[in-house]
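Student: I would like to learn how to read strands, cores and ring pairs in a model. Could you take me through them one at a time?

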Amino acid sequence: MTQENEKEIQQIKNRFHDLAERSYSQGIFTFTGFLGLSEQELFWQEEKKLRYAGPFLEGGSRDADRKLLRFGDPRELGYETPFPIVCVHIRPLLQKFADRLSHRDFLGALMNLGIDRSTLGDIRVGEKEAYLFCVESIAEFICENLEQVRHTRVSCIVTEKLEDIPREEPDIVSVQVPSLRADAVIARIFSLSREKSLELFRGGKVYVGGRLCENNSRSLQTGETVSVRGFGKFSLRGEARETRKGKLSVEADVYR
């Protein structure tokens, strides 16, 4: 790790402690911007030291990857403040002539507006539309200024109809593995060599249940969500079944 990276990591951790102390000493809620998985891991490294300030993570939906961190325990403060997260529906002006747009297309268009990435949470992409979770303070700016994604003209509106947000449909993949070791399962799910799978652990790119996983021999459990940066995420379905050749047959919901 370079000295520059170490400095950046320490700055993020210091920010957590500053917000926690401010919340505790002033009796108010404080918030970070949206944190990616690697930044959330830095919080978990400090969680015991921050626990006194009632930290809580929320992303706007149950299975969100990017989340805001709030400090302040409603039971201690005597009141509640909701997370400042809203959902913006981005849709084409003319559905018939709209392009098929990807997550990268929507994110690129938003970044071109000069928006700080920390103000943006998950982007749920439908066939030709998207639902964006973002901090409330930036929503109006997005609605007024995001007019085009690639070649498609779009309109934006803040929506409270979260039930309309498309759920990402996984590919159901069936694989045979020698064991439920994390490196073995990841290698089979994403069609990688065992060495390449090990490199992902060494590079800090594997998260299990939102936590960095550096133990490649860790046994995975049914229902756990495994995120592999650059490849996608998956969760194991049901119980593993032993084959006649002594291997384990498992199914997984895979999101790429």
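Tutor: Here is a short walk through strands, cores and ring pairs. This is a predicted model, in which local features need pLDDT of at least 70, side-chain atom pairs count only at pLDDT 80 or more, and totals for chains, interfaces and linings use all residues. Residues are numbered from 1 along each chain as its sequence is written, and side-chain values use heavy atoms, with hydrogens and water left out.

Student: On strand S3, which residues lie on each side, and are they buried or exposed?

Tutor: In a regular strand, side chains alternate between the two faces of the sheet. Strands (E, at least two residues) and helices (H or I, at least four) are DSSP runs numbered from the N terminus. Buried means under 20% relative accessible area, exposed over 50%, and partly exposed in between, with a 1.4 Å probe and protein chains only. In S3 (residues 68-71), Leu 68 and Arg 70 are on one side and Leu 69 and Phe 71 on the other, and all are buried.

Student: Which strand joins S3 over three bridges?

Tutor: Strands pair if DSSP finds at least two bridges between them. Strand S2 (residues 56-58) pairs with S3 in the antiparallel sense over three bridges, with Leu 57 partnered by Leu 69. Strand S1 (residues 30-31) is also antiparallel to S3, joined by two bridges, and Thr 30 has Phe 71 as its bridge partner.

Student: How many residues does the largest nonpolar core have?

Tutor: A nonpolar core is a set of buried Ala, Val, Leu, Ile, Met, Phe, Trp, Tyr and Cys residues joined through side-chain atoms within 4.5 Å. The largest has 30 residues, and those with the most contacts inside it are Leu 132, Cys 134, Ile 142 and Leu 146. Elements giving two or more residues to this core include helix H5 (136-145) and strand S6 (130-135); S6 gives the most, with six. A second, separate core of 22 residues includes Ile 189 and Val 254.

Student: What kind of aromatic pair do Phe 31 and Phe 83 form?

Tutor: Rings of Phe, Tyr and Trp (its six-membered ring) pair if their centres lie within 6.5 Å; planes under 30 degrees apart count as stacked, over 60 as edge-to-face and the rest as tilted. Eight aromatic pairs turn up across the whole structure. Phe 31 and Phe 83 are edge-to-face, at 5.6 Å centre to centre and 75° between the planes. Phe 31 lies in strand S1 and Phe 83 in the loop between helix H3 (74-77) and S4, so the pair ties together parts 52 residues apart in sequence. Phe 31 counts as partly exposed because its relative accessibility is 22%, whereas Phe 83, at 16%, is buried.
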